[in-house]
Amino acid sequence: MNRDHRVEGRAEIAKKAVVYQIPGTDGVSIRRDVPYRTTDAGALTMDIYYPPDAKDGARIPAVVFVIGFSDLGAERLMGCKFKEMESYISWGKLAAASGLAAITYTTTDPATDVRALFAHFRRNAASLGIDGDRIGVWACSGNVPLALSVLMQESREYLKCAVLCYGYMLDIDGSTAVADASKKFGFANPCAGKSVDDLPPEMPLFVVRAGRDETPHLNETIDRFLVHALACNLPITFANHPAAPHAFDLFHDSELSRESIRQILAFMHFHLLG
């Protein structure tokens, strides 16, 4: 479908696409601005990316790109909503070209909206062409604490895997790094007071670390998380990209970055389509 998202007036970071492409992205179809929740400020909506060969009536496993920041702040800083950023558009197309449906969405109250989003698309899975019982989660940076809280919710059997990229994790061993970053950067942190023990022991996780991440204390939270996750024998896949800065999928145009993205797509494909 034609790209009809905002272009003019966006900040440079909002124009950055993923540094990797695969065949089929041009054939991805996008169902835009599907309402999922009504608020006093108007409807919140989602975009659904479908594989090029999706058949009418098919029920396709999906990955949700979790957003832990309000779009109100995003529009002030970046000139667009998160789902209009080229990064989320290109990730949505990559996931769809890999055979999955991909869901991006608007949000003003991230912790509340993400629950409404999941409830809506699972309730309407058939009409949306989604397999509501095979859902994955993808999150990066300050969006990861909200994604972790999604994994910790009750009745989560439909969640099959999660990808957590260069993100703040949990405050463990007395650390307040995530809480401090949440206050500084404005992302939702529903996992305050939670631990690795609150995660489902059967949930496959892919944790990606950017070795040269300059974000204060972020990698420290990943390192502590890994120690505790391994102590709990959680099914963790871990990739450390030693030369990578924060958001390497957008800013580090290298074969190592592309390999990390290939690994992420393969992980999601295996657990949702394998």
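**Close-up views of a predicted model**

**View 1. The lining of the largest pocket.** The lining of the largest pocket consists of 19 nonpolar residues, nine polar ones and one charged one. Here Asp, Glu, Lys and Arg count as charged, Ala, Val, Leu, Ile, Met, Phe, Trp, Tyr, Cys and Pro as nonpolar, and the others, Gly among them, as polar. This is a predicted model, in which local features need pLDDT of at least 70 and side-chain atom pairs pLDDT 80 or more, while totals for chains, interfaces and linings use all residues. Residues are numbered from 1 along each chain, and side-chain values use heavy atoms, without hydrogens and water. Of the 29 lining residues, I13, F69, F82, S141 and N143 lie nearest the pocket centre. A pocket is an open set of points on a 1 Å grid where a 1.4 Å probe fits, with protein on both sides within 12 Å along at least five of seven lines; lining residues have an atom within 4 Å of a point.

**View 2. The surroundings of S70.** S70 touches F82, T107, T108 and P110, leaving aside residues up to four places away in sequence; contact means heavy atoms within 4.5 Å.

**View 3. The rings of F82 and Y88.** The ring centres of F82 and Y88 are 6.2 Å apart and the planes stand at 85°, so this pair is edge-to-face. Rings of Phe, Tyr and Trp (its six-membered ring) pair if their centres lie within 6.5 Å; planes under 30 degrees apart are stacked, over 60 edge-to-face and the rest tilted. F82 has 10% relative accessibility and therefore counts as buried, a term for under 20% relative accessible area (1.4 Å probe, protein chains only), with exposed over 50% and partly exposed in between.
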